[in-house]
Structure formats: structure tokens, C-alpha cells
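Q: Could we go through this model together, starting with the ligand site and then turning to the aromatic residues?

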Amino acid sequence: MIPQWFIETKRDGHEHPEADLREWVRGVADGTLPDYQIAAWLMAVYLNGLNETETAILTDAMMRSGDCLSWDLSIPTVDKHSTGGVGDKISLPLAPVCATLGLAVPMISGRGLGLTGGTLDKLESIPGFNVRLSVEDFRRLVAEVGCCLIGQTDSLAPADRRLYALRDVTATVPSIPLITASIMSKKLAEGAHCLLFDVKFGSGAFMRTQADAHRLADSLIATGRRLGRVCRALITDMDQPLGRTVGNALEVQESLEVLQGRGPWDVRALVIEEAAHMALSAGLFADLPLARQAAAKTLDDGSALAKFRQMVIAQGGRPDEPLPKAKIRLPVPAPCDGYVAHVDAETIGRVALELGAGRVKVTDTPDPAAGLDCLLQQGERVDPGQPICFLCADTEERAASLIEKTRSAFTLAATPPPERLLIAETIVA
Ligand code: URA
């Protein structure tokens, strides 16, 4: 294959033959293709797209560029992928709920970048928790505990690492086939048989509109099916933050509340819905209401909490030690009375980032204690001067400088708003 002819094919809007596409991905992974040719091809794909067959071949080739795990367990393996959001802590309670239901959950998660938080950063705020396990330990803990959450290893889908880095600097990230291949190559290499996608839309999400989220979900499901996996997707609202906390240790604390049968309604609802779909696609229940009931029970009877503690201890964590706590916790007073009509996820995500909870560059280290808590949620009433949330930071100046910005995220109204539609669509393949 001559690289410039391969690029020309996509530049002119033609379909890549399978053998060429596979050879191309080999060249990406082994370093024989230079950055400038890969970058040119990425832009051609961004402009002209890939069809469903090409997307599946690209995904498969990227998956095979590194190690692929397979699970020889007596119980079904499941995993979920969220496209990320503000306050999205769902994986923390979800994995132990699924494990308690009798599923195996090998979950390879990511770190936060920009506005969206990362599961690994949240878990690392638990004293001692280790997300860098060897593949052997990962396998052992999934078999022994039922769930294990680790970071991506160097040997998993290395072609994606190179492609993603180049997409990031060539303005070619927002391409549905490239996003699909990137997400799916890693998920497929991880080996879980049933996959649930939580595709978020709104101001705090990667996909701004429900229509775009739907297109991405369709593409993920089509690719997963072609490559032999059982896939479902939920299209969920990320125009407002999830729960009442944003920030690593604060979100772990809130996850523990959900695992005790309490916590904010939206986090609980999404954990139950996602666990129910995962259990159903693995064949554990006859219908969705039964699966929901069983998932809710694990939260209410303490069994999922016990599983979470077991997972934390197995991964070196010390669940009885206090979580990191910020030196400063500053209230943000409501400017007037009213009902919370809307809380803008993007603004809250930016405030959390400026409080130190996230990363601007991949090399930054987040402050585990920073963030926002006690966020009022849509529909709640507030009196003037009453806190609409608290800002947790290392210094008073830092927190105080963000009060006005935080206030601007809240829209207050004289009458109660309509109920929030958290789960906009369910797509079952
Ligand atoms: N997450 C990924 O892993 N890849 C993308 O391209 C986008 C989100």
C-alpha cells in the first residue's frame, strides 16, 4: 500500500479496501507511518467519513494492535462506557451493584480531562486505592471480587493512543467514526461480552445535542454488534450536573451515600437503570422492571456497599480512613428567592476545574479535595442568602474568586420548572 494513494482514496470520498485499512493501522501502531500522513488521513476521514463496514474494520484493527483480554468465567462479563460529564460518578456504585447481581465487571476507566471528571481520579482519592494493577491481578480480582476498576495499560489498543494524540492536535476529534473506533477498540480489547453505552448530551457533554448523541450511540451499537458483542445505549441528559457534588473525593462520598440507599435521585436512578440494562442484556432477568427491582435492592440492603468495600480493600484502599477534605468550604449565597429552573453543567464544570478538581493539561495533578458540594438541583426552592452550593478549595481567595461565576450557573425562577428528563432514550440493538 502506498500511503499517499491510501489518503487519496479517502480524500476523494471512496471506500477503503479492508486489506489497506488493516495495513494502515499496522503502520500507525508500529511507527512506520509518519505523523504527517496519518494527520492528512484523519482530516480526510473527518471530512468524508467512514461507512459502517470501514468503521468496524478500523475498530477491529485498532483493537488487535495490542493485547486483547478474554474471560473464561462461569458468569457473564459486562461493562459500560460513559462519554463523560460533570458529576458523572455512576461507575463507582454501578460496578459493585452489577457484581452483587452476579455479573463480572472488568472495567478499564479513564482520567478526567477538561470539564469531564474521570473515574480513576475519583477512585484515587480513596487512601491507598491502586488503579495501576497488572493484567494478572486485574484478571484475578475480577474473578474473586466480581468487579475491578483499573486504568488503561500501555498494551491495550496502542494504535488508538497514537491516533487520539494526533486527532487532538489536528482538530479531528469530533468525527463519529473516529470516536466510535477509539472507544470501541479499547472496550473490545478489554473483553466484556455485554456493553452498555451512556451517551450524554448537553452543555457538560462532548455531544451537545440529543441528535448527535443518538448518532454516536447508533454507531457504537452497530460496530459492537458487527464485532460480536451485545450492546445497548442510554441517551442521557448532561445539561445539568449529576448529583449534588462535583470533585473527586466529594463524588466518592456521594457514591457511598448512593450505596447506602440514599443520595441524590438522579445518581440513584441512573445507577439502577444502567445496572438493570446490563443485567438484562446478560440474560439475568426476564424483564426490565425485575432487573431494576433487583438493582435497587442491592443499594437498599447494603450488599452493593459491602461489595464496594471488598473491591476497595482488594485494590489496596483503606475504606475506613477519611477522604481528603478541603481547607476551605465557602457557601455561595442565592441572590434572590425562587425555584432552581436550571443548573448549567458547563459552568459548574469550569468552576470545578478552577477550584483545582481537574486537569487543564494531561500532566496536571488534580486536588482530590477540591470541588463543589450541596449543589441545589432543578426544582428545589431557595431563599435569598441561602447557599445554592459550597465551594471547596485550598485557599479562601481561590474559592471567593469563583462565587459570581458559580452563581451564573444557576437560573432561578418564580415558578417550579418542568421535571427533568434524565434518560431521554434507550436503544436496544
Ligand atoms: N473517548 C475516547 O476514548 N475516544 C474518543 O475519540 C472520544 C472519547
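Ligand site and aromatic contacts

A: The ligand is surrounded by Tyr164, Arg167, Ile179, Ser182, Ile183, Lys186 and Phe206, where a residue counts as near if one of its heavy atoms lies within 4 Å. This is a predicted model, in which local features need pLDDT of at least 70, side-chain atom pairs count only at pLDDT 80 or more, and totals for chains, interfaces and linings use all residues. Residues are numbered from 1 along each chain as its sequence is written, and side-chain values use heavy atoms, with hydrogens and water left out.

Q: Which helix gives the most to the shell around the ligand?

A: Helix 9 does, with four residues. Helix 8 (158–169) and helix 9 (176–190) each supply at least two residues; helices here are DSSP runs (H or I, at least four residues), numbered from the N terminus.

Q: What lies 2.5 Å from an oxygen atom of the ligand?

A: That is an N or O atom in the side chain of Lys186. A polar side-chain atom of Arg167 lies 2.8 Å from a ligand oxygen, and a ligand nitrogen is 2.6 Å from an N or O atom in the side chain of Ser182.

Q: And how much of the ligand does the protein bury?

A: Taken alone, the ligand exposes 240 Å², and the protein buries 83% of that (Shrake-Rupley method, 1.4 Å probe).

Q: Changing topic: how many aromatic pairs are found in the whole structure?

A: The search finds four, a pair being rings of Phe, Tyr or Trp (its six-membered ring) with centres within 6.5 Å; planes under 30 degrees apart count as stacked, over 60 as edge-to-face and the rest as tilted. The ring centres of Phe6 and Trp24 are 4.4 Å apart with planes at 20°, so this pair is stacked. Phe6 lies in helix 1 (residues 3–11) and Trp24 in helix 2 (residues 18–30), so the pair ties together parts 18 residues apart in sequence.

Q: Are those two buried or exposed?

A: Both Phe6 and Trp24 are buried, meaning under 20% relative accessible area, with exposed over 50% and partly exposed in between (1.4 Å probe, protein chains only).

Q: What about Trp24 and Trp41?

A: Their ring centres are 5.6 Å apart and their planes at 55°, so the pair is tilted. Phe6, Trp24 and Trp41 form one aromatic cluster.

How values were computed. A polar contact is a pair of N or O atoms within 3.5 Å; within protein, one must be able to donate a hydrogen and the other to accept it, and residues adjacent in sequence count only if both atoms are side-chain atoms.
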